[in-house]
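This briefing is for a reader who is new to the structure shown below. Please look over the sequence and the model before reading on.

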Amino acid sequence: SLAGCAMQFGLVPLFQEAVDFHVSCAATWALPGVWRLPLALVVLFFRLLCQVLAPSTYPEEANRIRRHVMLIAANIVATAASFAAVAIEQLSSARAANSGDLLLALQAVLDGLVTLVGHGCLGTADPEGQLLDALAQQLLASAETAFEPPLLARVMLLLLQLPPGGAADLLRQSFRQLSPEG
């Protein structure tokens, strides 16, 4: 299967390292025209992650794939947090001509994280769980992302799987401000 081959050839860890490198470069050289945030690369990686973790017809293969992904889960969460920080910074700046693309990329990142947690590849009480809560807080604290219904839905799915933390109150506030009754 695609998932088995991706893991056997080390595609997922290599792809994660490439995404992390490009996101780090975009964060370091955040000047317009110097280094662009690699939206397509980020979206492709997190879509691949969702596909690799999709239910397999072979249960033994699914367990092996899940164990491989568990080995790099902390790195995936750190990459997602780095990307979210850069994306939020770009959304809040005047340079965000591609704000729709940034929001779609954030949705893909959150889809990957929900899949990662949902398949048990990440301990929610571990430091990674705290990093996920911090990521949710960061998204909910930003005016550019806190009132986007597609992002809020994904953050809610992520928070449902985490122990109660600081992001739950921010999520409640965002939903209150979205509702017509206030």
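The points below cover aromatic pairs and one threonine.

The model is a predicted one. A pair of aromatic rings is described by the distance of the centres and the angle of the planes. Counted in this way, with ring centres within 6.5 Å, the model has 2 aromatic pairs.

**Phe 15 and Phe 45**
- The ring centres of Phe 15 and Phe 45 are 5.5 Å apart and the planes stand at 75 degrees, which is over 60, so this pair is edge-to-face.
- Phe 15 belongs to helix H2 (residues 11–28), while Phe 45 belongs to helix H3 (residues 39–52), so the pair ties together parts that lie 30 residues apart in sequence.
- Phe 15 has a relative accessible area of 16%, which is under 20%, so it is buried.
- Phe 45 is buried too, with a relative accessible area of 0%.

**Phe 45 and Phe 46**
- Phe 45 also pairs with Phe 46, edge-to-face, at 5.0 Å centre to centre and with 80 degrees between the planes.
- Phe 46 is buried, at 0% relative accessibility.
- One aromatic cluster is formed by Phe 15, Phe 45 and Phe 46.

**Thr 79**
- Thr 79 sits in helix H4, which spans residues 59–92.
- The relative accessible area of Thr 79 is 1%, so this residue counts as buried.
- Leaving out residues up to four places away in sequence, Thr 79 touches Gln 16, Val 19 and Asp 20.

Technical notes. Residues numbered from 1 in each chain as written. Predicted model: local features only at pLDDT ≥ 70, side-chain atom pairs only at ≥ 80, totals over all residues. Heavy atoms only, no water. Phe/Tyr/Trp six-rings, centres within 6.5 Å; stacked < 30°, edge-to-face > 60°. Helix = DSSP H or I, 4+ residues; strand = E, 2+ residues; numbered from the N terminus. Buried < 20%, exposed > 50% of the residue type's maximum accessible area, 1.4 Å probe, protein only. Contact = heavy atoms within 4.5 Å.
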